Amino acid sequence: MNMKTHDVYEGDSGSPKADCTLTLPDETFMDLVSGKLSIKQAFMEGSLKISGNIPLAQKLGDVFPDSKI
């Protein structure tokens with residue numbers, strides 16, 4: 001997801017290097033955006049991997065206001 005344009009990509013976006021990359025299964029993503037799971041819980045469980053600027057990942061809450069991100 002490009003946080004500047006809110007475009008969502010699967011795989012390589014063709015954009016320059018990302019500031020933050022999240023790797024997670026579809027089910028974990030759906031649990032995050034529906035509010036069933038927090039980003040901290042997903043990270044601690046190992047179902048979410050974050051590389052790069054970790055605090056930037058918490059800005060996903062701005063995109064998904066019903067989430068616990």
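**Entry 1: helix α1, the buried side.** I started with α1, which spans residues 26–34, and looked up which of its residues are buried: Thr 28, Leu 32 and Val 33 are. Viewed down the helix axis, the buried residues of α1 fall within an arc of 125 degrees, so they line one face of the helix. A reminder to myself: this is a predicted model.

**Entry 2: helix α1, the other side.** Next I turned α1 around. Which exposed residues sit on the face turned away from the buried side? I found Asp 26 and Glu 27 there.

**Entry 3: the packing partner.** I then asked what the buried residues of α1 pack against. The partner is α2, residues 39–45.

Entry 4: I followed the chain out of α1 and came to Gly 35. I checked the backbone there, and the phi of Gly 35 is positive, near 90 degrees.

**Entry 5: the whole chain.** Stepping back, I counted four helices and two strands. Their order along the sequence reads β-α-α-β-α-α.

**Entry 6: contacts and burial.** How many of the contacts between residues at least 6 apart in sequence join residues at least 24 apart? I get 62% for this chain. For burial, I noted that 26% of the 69 residues count as buried, with under 20% relative accessible area as the cut-off.

**Entry 7: surface.** Last, I looked up the accessible surface of the chain, which comes to about 5,200 Å². Carbon and sulfur atoms account for 52% of that surface.

Notes: Residues are numbered from 1 along each chain as its sequence is written. This is a predicted model: local features need pLDDT of at least 70, side-chain atom pairs count only at pLDDT 80 or more; totals for chains, interfaces and linings use all residues. Side-chain values use heavy atoms; hydrogens and water are left out. Buried means under 20% relative accessible area, exposed over 50%, partly exposed in between (1.4 Å probe, protein chains only). The arc is that of the directions from the helix axis to the C-beta atoms. Contact means heavy atoms within 4.5 Å. Accessible areas come from the Shrake-Rupley method with a 1.4 Å probe; for residues, only the protein chains shown count as cover.
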